[in-house]
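Student: I've got a new structure to look at, and I'd like to get to know it. Could you walk me through it?

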Amino acid sequence: MIYSGDPGDALAPDDIDDLARRARDGDRDALELLLAAVRPRVLNICRGVLPYSGDAEDACQEAMLNAATKIGSWGGRGRFTTWLHIVSVNSARTTYRRLKNLATPTDFEDGAHDRPDPRTTSVIAGTRLDLLEAMDTIEKDHPQYVEPLLLRDVYGLPYDEIATLVDAPLGTVKAQIHHGRKLARPLLRGDQ
């Protein structure tokens, strides 16, 4: 099937995987078709993390660039779209961190106190902010828990698919998610 770029002309998962394999093997035309086909999906993932559309667009662009330049790291064992989920979530988290750093006062002497608190801006407001801050806190001491936890609890991926994506045994993934949840609960309640 030829993809026209029309959102109503969505490709089947097998077609996306085929394009991804060809793109990974150096086919530039396949890469362009693949990126056009998955862009709406990537933007939706980024919107799921960043409620402000401009920020989601920035994260989407970063994710598309990362997907294009790092497609060689997709092993081809799982679905390309699952791998793309990770790339997209990581790009959204990077965008969030950049926004948080811009919004947090660091120097009160030169007027930095006029910057908005990210909790009260429409850019990164609401429970997503709390979740992203919790993931950042957990990642400092236990980075192995963050990716499986996000894939399971935010994106609802099945445990076996997560195990394939993170290249870990199923039991390890279940334990990481369990421990990640234990660490996240008090952070999300504000118990810190």
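**Salt bridges and a helix**

Tutor: Let's start with R97: at 27% relative accessibility, R97 counts as partly exposed. Keep in mind that this is a predicted model.

Student: Which residue forms a salt bridge with R97?

Tutor: Side chains of opposite charge can pair when their charged atoms come close. Here the closest N and O atoms are 2.7 Å apart, and a salt bridge needs them within 4 Å. R97 sits in helix α4 and its partner in helix α5, 42 residues apart. That partner is E139.

Student: Is E139 buried or partly exposed?

Tutor: Buried would take under 20% relative accessible area, and exposed would take over 50%. E139 has 28% relative accessibility, so E139 counts as partly exposed.

Student: What is the N to O distance between R93 and D136?

Tutor: R93 belongs to helix α4 (residues 80-103) and D136 to helix α5 (residues 127-141), so to speak 43 residues apart. Both R93 and D136 are buried. Their side chains meet in a salt bridge, with an N to O distance of 3.4 Å.

Student: Where do D153 and R181, another salt-bridge pair, sit in the chain?

Tutor: The side chains of D153 and R181 meet at 2.6 Å, N to O. D153 is partly exposed with a relative accessible area of 42%, and R181 is partly exposed as well, at 26%. The two are 28 residues apart and link distant parts of the chain: D153 is in helix α6 (residues 143-154), and R181 is in helix α8 (residues 170-189).

Student: How many salt bridges are there by this rule?

Tutor: We've looked at some of them, including the one between D153 and R181. Counting with the 4 Å cut-off, the number comes to eleven.

Student: How far apart are the end C-alpha atoms of α6?

Tutor: α6 has twelve residues, and at 1.5 Å a residue the helix should span 16 Å. The expected span uses one less than the number of residues. The value found in the model agrees with that: 17 Å.

Student: Which residues of α6 are buried?

Tutor: Look for those under 20% relative accessible area. In α6 they are Y145, V146, P148, L149, L150 and L151.

Terms used: Residues are numbered from 1 along each chain as its sequence is written. This is a predicted model: local features need pLDDT of at least 70, side-chain atom pairs count only at pLDDT 80 or more; totals for chains, interfaces and linings use all residues. Side-chain values use heavy atoms; hydrogens and water are left out. Helices (H or I, at least four residues) and strands (E, at least two) are DSSP runs, numbered from the N terminus. Buried means under 20% relative accessible area, exposed over 50%, partly exposed in between (1.4 Å probe, protein chains only).
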